[in-house]
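Hi everyone, thanks for making time.

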Amino acid sequence: MSDVILVGGGVMGAATACFLARDHAASVTVVERDPSYAQASSSLSLSSIRQQFSQPVNIALSRWSIAFLRRVADELATDDDRPALGLVEPGYLYLATAAGEPGLRDLHAVQRAEGVDVALLSPAELSARFPWLATDDLALGSLGLSGEGWFDGPALHRAFRRKAQALGVRFLTGDVVGFDTRADRVTAVRCADGRLIGGGAFVITAGAWSAPLGAALGVTLPVTARKRDVFVLETPAALPGCPLVIDPSGFWFRPEGALILAGGPPRGEDACDAPLHDIDRGLFEDLLWPTLAARVPALEALRVRSAWAGYYEMNDVDHNGLAGALPGYANAYTACGFSGHGMQQSPAVGYSMARLIAGGDAPLIAALAPQRLLDGHRLVEANVI
Ligand SMILES: Cc1cc2nc3c(=O)[nH]c(=O)nc-3n(C[C@H](O)[C@H](O)[C@H](O)COP(=O)(O)OP(=O)(O)OC[C@H]3O[C@@H](n4cnc5c(N)ncnc54)[C@H](O)[C@@H]3O)c2cc1C
């Protein structure tokens, strides 16, 4: 019997398992229904990291995580592997028209108070720094000067799994459909094939599919799967120094090698529940392309090379992760609902979850405890992309 059983082996489950084994010598079993991770958010992520959040807890998690990512080759080394994630830090650039300027200034004040390395740029400063950017309609930009960029997220997920396995963590294939409980303790997970897997503590790390597992324990986890489409663009244009740009319209783009990745808010909630193969090509043709070409005239000449979609594991209450003890249980926990910023937070959250489960304190994630839902306390993240 393992000390800890995790349900779901995406980046949150893998990171938590890895830190439990590495830092606390725990025996750990991860139960994952699809070991190919084909539909897991962790396989379909844009894997970018920023410090520009509205909530101090998110800033703290990303600050901890970027430091970890910079030293990942040492942190997650195994006898035969030193993981390389290709981390680059060109920053995020939030753009605002006059209507959005006060909001951007408010966020800047919060971020500066938290020590974020971020600068406000006037349209003239934006043009000087990014000559390929159309700034006529802009009032302000907010550029992260360090600690923001992107990396190979699936490689991070793999590195957590490999390190965990090297430390003895077992990854079992199984579709968890329920739990056995005694008073305020969970005693086992139940798999669809009838297997019962017992343990000392239990963690729901099932991403967008966490809600039914919470319900099986009588706990509401308000997390739903929300599809997001990503378009891979080829262009002869060069955009020197291009950060991850968030247009006032909500559309975003960033380079990936010689390619451009771009996406934006879905068209209506209906599109959110669609299957992942159901890419909304019209979103690109009707909205994204005209917006991109107006913002970066050089991108008028581009070709869609491919596209993919993945599910955000959206916490519909306040768009922030739920990380900590499950209310009403002495030995059950969750880390889910990170609403599109879970890849970058997985190092800090996994580290903190492991400390919590091992009986220590976890100040980094204290504000994300699921108990806040019962207390009626919403921790709304304003900066959700
Ligand atoms: C298009 C897109 C872009 C994104 N961009 C970014 C970004 O730029 N930066 C960022 O930080 N984050 C980003 N994210 C979000 C990030 O990828 C997720 O927050 C993160 O991967 C969530 O990890 P997870 O382990 O919680 O969930 P998942 O990776 O989805 O893992 C959950 C796992 O649980 C398993 N599971 C579910 N139910 C059961 C069950 N009953 N029994 C057993 N196993 C089960 C699933 O098979 C799955 O493997 C993006 C996501 C998408 C889709």
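Quick word on terms before we start: when I say "domain", the bounds come from an automatic or database domain assignment. And keep in mind that what you're looking at is a predicted model.

So, how is the chain divided up? The assignment gives domain 1, made of 2–83, 152–222 and 316–374, and domain 2, made of 92–148 and 225–310. Taken over C-alpha atoms, the centres of domain 1 and domain 2 are 29 Å apart.

Now let's look at where they meet. On the domain 1 side, 16 residues are in contact with 20 residues of domain 2. Two elements, β3 (48–49) and α2 (56–70), each give at least two residues to that side of domain 1. The largest share is from α2, with 4 residues. If you sort the touching side of domain 1 by class, you get 7 nonpolar, 7 polar and 2 charged residues.

Next up, the ligand. Which residues come nearest to it? Out of 41 residues around the ligand, those are Gly8, Gly10, Gly207, Gly310 and Gly342. Both domains take part here: domain 1 and domain 2 each put at least three residues into the shell. As for elements, α1 (11–24), β2 (28–32), β12 (223–234), β16 (303–315) and α9 (342–357) each supply at least two residues. β16 has the largest share of the shell, with 4 residues. By class, the shell holds 19 nonpolar, 16 polar and 6 charged residues.

Let's stay with β16 for a moment and turn to its sheet. This is an open sheet of 8 strands with mixed pairing, and the order is β5-β6-β4-β13-β14-β15-β12-β16. β5 (118–121) and β16 are the edge strands; each has a single partner strand, so one side of each has no neighbour in the sheet. On average, neighbouring strands are turned by 20° against each other, ignoring direction.

As a reminder, strands of a sheet pair through backbone hydrogen bonds, either parallel or antiparallel. In our case, β12 and β16 pair in the antiparallel sense, over 12 bridges. If you want one to find on screen, Ala225 has Glu313 in β16 as its bridge partner.

Just after α4 comes Gly115, with a positive phi of about 85°.

Note on methods
Residues numbered from 1 in each chain as written. Predicted model: local features only at pLDDT ≥ 70, side-chain atom pairs only at ≥ 80, totals over all residues. Contact = placed C-beta atoms within 7 Å. Nonpolar A, V, L, I, M, F, W, Y, C, P; charged D, E, K, R; others polar. Near = placed C-beta within 6 Å. Pairing = 2+ DSSP bridges. Axes fitted to C-alpha atoms, helices over the stretch in contact; angles between N-to-C directions.
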